[in-house]
Amino acid sequence: QVQLVESGGGLVQAGGSLRLSCAASGRTFSSYAMGWFRQAPDKEREFVSAINWSGGNTYYADSVKGRFTISRDNAKNTVYLQMNSLKPEDTAAYYCVATDNSNFYWQKMSPYLYDYWGQGTQVTVSS
C-alpha cells in the first residue's frame, strides 16, 4: 500500500505560479512511477503529467507542456508539480497518482493504470 497526500493548492491570479507537492508513505517510493491528474467540475478526469521511477523520463499533456514541470525526490518520497503561467482553464482538483505497473510507458495517460490516488488539492486560477 502507498498513501499519497497532496499539498500546495490554492487561489492564484492568471499568470501566477503554484507548486504542488505529493508526499508518499508506505512501500518503497522509488518502485513507483508517479503522476498528476486533474478534474474540473462537470468534466472528466484529465491526465496532466507523469514521471518514471528514476525521474529520468517526464511526460505532459499538450495543454500544460512548457508551463508545468514534474519532478521527484526519491530521498524525500515526494513528487512535485511546478505550475507556471497559470490560466483560468487550469482550475481543477489535482490528484497525485502512483503505479508500479510495468505498462506505465504505454498507458501512462490512462487513469486506470494507477493503483493509488491522493485525496486531491484544489487549484483555482482567477482571471
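**Exercise 1. Determine which residues L4 touches, leaving out those up to four places away in sequence.**

Solution. L4 touches C22, A23, A24, M34, C96, V97, A98, Y116, W117, G118 and Q119, when residues up to four places away in sequence are not counted. Contact here means heavy atoms within 4.5 Å.

The model is predicted, so local features need pLDDT of at least 70 and side-chain atom pairs count only at pLDDT 80 or more, while totals for chains, interfaces and linings use all residues. Residues are numbered from 1 along each chain as its sequence is written, and side-chain values use heavy atoms, with hydrogens and water left out.

**Exercise 2. Describe the disulfide of C22 and C96, and explain which parts of the chain the pair ties together.**

Solution. A disulfide is a pair of cysteine sulfur atoms within 2.5 Å. The structure holds one disulfide. C22 and C96 form this link, with their sulfur atoms 2.1 Å apart. C22 belongs to strand β3 (residues 18-26) and C96 to strand β9 (residues 92-99), so the pair ties together parts 74 residues apart in sequence. The angle about the S-S bond is -80°, and the link of C22 and C96 is left-handed. Both C22 and C96 are buried.

**Exercise 3. Trace the salt bridges that join R38, E46, R67 and D90, and state how exposed each residue is.**

Solution. A salt bridge is a side-chain nitrogen of Lys or Arg within 4 Å of a carboxyl oxygen of Asp or Glu. This rule gives a count of four salt bridges.

1. R38 and E46 meet through their side chains at 2.8 Å, N to O. R38 is buried at 5% relative accessibility, whereas E46 is partly exposed at 32%.
2. R38 also meets D90, at 2.9 Å, N to O. D90 lies in the loop between β8 (78-83) and β9, and R38 in strand β4 (residues 33-39), so this pair ties together parts 52 residues apart in sequence. D90 is buried, with a relative accessible area of 0%.
3. D90 forms a further salt bridge with R67, whose closest N and O atoms are 2.7 Å apart. R67 is buried, at 11% relative accessible area.
4. Through shared partners, the salt bridges join R38, E46, R67 and D90 into one network.

**Exercise 4. Describe the aromatic pair of Y59 and F104, then that of Y105 and W106.**

Solution. Rings of Phe, Tyr and Trp (its six-membered ring) pair if their centres lie within 6.5 Å; planes under 30 degrees apart count as stacked, over 60 as edge-to-face and the rest as tilted. The count comes to ten aromatic pairs.

Y59 and F104 form an edge-to-face pair, 5.9 Å centre to centre and with 70° between the planes. The pair links distant parts of the chain, with Y59 in strand β6 and F104 in helix α1 (residues 104-107), 45 residues apart. Both Y59 and F104 are buried.

Y105 and W106 are also edge-to-face, at 6.4 Å centre to centre and 90° between the planes. Y105 is partly exposed, with 34% relative accessible area, and W106 is exposed, with 69%.

**Exercise 5. Identify the aromatic cluster that contains F37, and locate F37 itself.**

Solution. F37 forms one aromatic cluster with F47, Y95, Y114 and W117. F37 is found in strand β4 and is buried, with a relative accessible area of 0%. The C-alpha atoms of F37 and A93 are separated by 8.4 Å, although these residues are 56 residues apart along the chain.

Notes. Helix = DSSP H or I, 4+ residues; strand = E, 2+ residues; numbered from the N terminus. Buried < 20%, exposed > 50% of the residue type's maximum accessible area, 1.4 Å probe, protein only.
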